[in-house]
Amino acid sequence: MMDFVYSRRYCGPLQGVILDWAGTTMDYGCYAPAVVFVEVFKRAGVEISMEEARVPMGAHKRVHIQKITQIEAVRRRWEAAHGRPPTEEDVDAMFAQFVPLQLDCLARYADLIPGTLEALEAFRARGLKIGSTTGYTSEMMDILQREAAARGYVPDATVCATEVPAGRPEPWMCLENAKRLRIFPMEAIVKIGDTLPDIEEGLNAGMWTVGLAMTGNEMGLNKAEIPATDPALIAQRRDRACARMAQTGAHYVVDSISDCPAIIDAINARLARGERP
Ligand SMILES: [Mg+2]
């Protein structure tokens, strides 16, 4: 009978970073999907607010529409308008409307979030490969990848929810990135994103996770709106974002992708000490 067991532990550096798209590297404030969800519900005869449109952000877009219909207040408005609750067929019909509307306006929201290219350079200088995941379909990503490339951003891998058995919060998009980038173990990867499902998919994949509080869906404001908004409201939303992401299990919550190279160094120090995500 042995009194000790010996466990194997990765103590090398991070080898890869997996980035979300809207609200993380482009589309400051994560507007493109939110405005289209509002429009699609309007066409179905039900007004929803931008806040309601943002609640399920990060999910596959059809799942997102379904989750909006499950918000209690939206459900009540739907029943008032249609005399019955929303059905699967309603969700399908709205998703069918969503796709062309989203394709139409994506390019208008494709500017990179300031600091993205510098952060990417800093990741590469640390030897990291760049992967990415998204709630957009591959048809939508064709447009966004083209727009991103024109602005100097070309990740080494991109995986959409439509390419795996399920999108966030399940881990498959992250794990498929690991495979395409040929990185192991999973604790050598950090997932960065602006929504709670972003954090969950990274944690479910066994990776380190970083949440972004200022540039994405949690703040819900673009670069021009932030300085024009009451600082008390900004501070309140920022605190809420930090609390929600920390409670979801994010290892770190920072303002934007610009803050992430320093986080890479901090995680590398923890890995060298034998820590795990
Ligand atoms: Mg996002």
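Before looking at any sheet, I wrote down the pairing rule: two strands pair if DSSP finds at least two bridges between them. I also noted that helices (H or I, at least four residues) and strands (E, at least two) are DSSP runs, numbered from the N terminus.

**Ground rules.** This is a predicted model, where local features need pLDDT of at least 70, side-chain atom pairs count only at pLDDT 80 or more, and totals for chains, interfaces and linings use all residues. Residues are numbered from 1 along each chain as its sequence is written.

**The sheet.** I looked up the strand order and got β3-β2-β1-β4-β5-β6, an open sheet of six strands with parallel pairing. Which strands stand at the edges? They are β3 (159-160) and β6 (252-254); each has a single partner strand, so one side of each has no neighbour in the sheet. I reminded myself that strands of a sheet pair through backbone hydrogen bonds, either parallel or antiparallel.

**Strand β1.** Next I checked β1 (residues 16-19). Four bridges join β1 to β2 (residues 129-134), running parallel, and I18 has G131 as its bridge partner there. Four bridges also join β1 to β4 (residues 189-193), again parallel, with G16 opposite I189. Are the residues of β1 buried or exposed? G16 and I18 point one way, V17 and L19 the other, and all are buried. My cut-offs: buried means 20 or more other C-beta atoms within 10 Å of a residue's own, exposed means 12 or fewer, and partly exposed is in between, with C-beta atoms placed from the backbone.

I found three bridges joining β5 (residues 208-212) to β6, which run parallel. V210 stands opposite Y252 in β6.

**Helix α3.** I then turned to α3 (residues 61-69), where the buried residues are K61, R62, H64, I65, I68 and T69. Seen down the axis, they fall within an arc of 160 degrees, so they line one face of the helix. (The arc is that of the directions from the helix axis to the C-beta atoms.) Their cover includes α1 (31-43), α2 (50-54), α4 (72-82) and α5 (88-105).

**Whole chain.** I noted 11 helices and six strands for the protein chain. Buried residues make up 46% of its 277 residues. Among contacts (C-beta atoms, placed from the backbone, within 7 Å) with a separation of 6 or more, 73% are between residues 24 or more positions apart.

Methods:
Contact = placed C-beta atoms within 7 Å.
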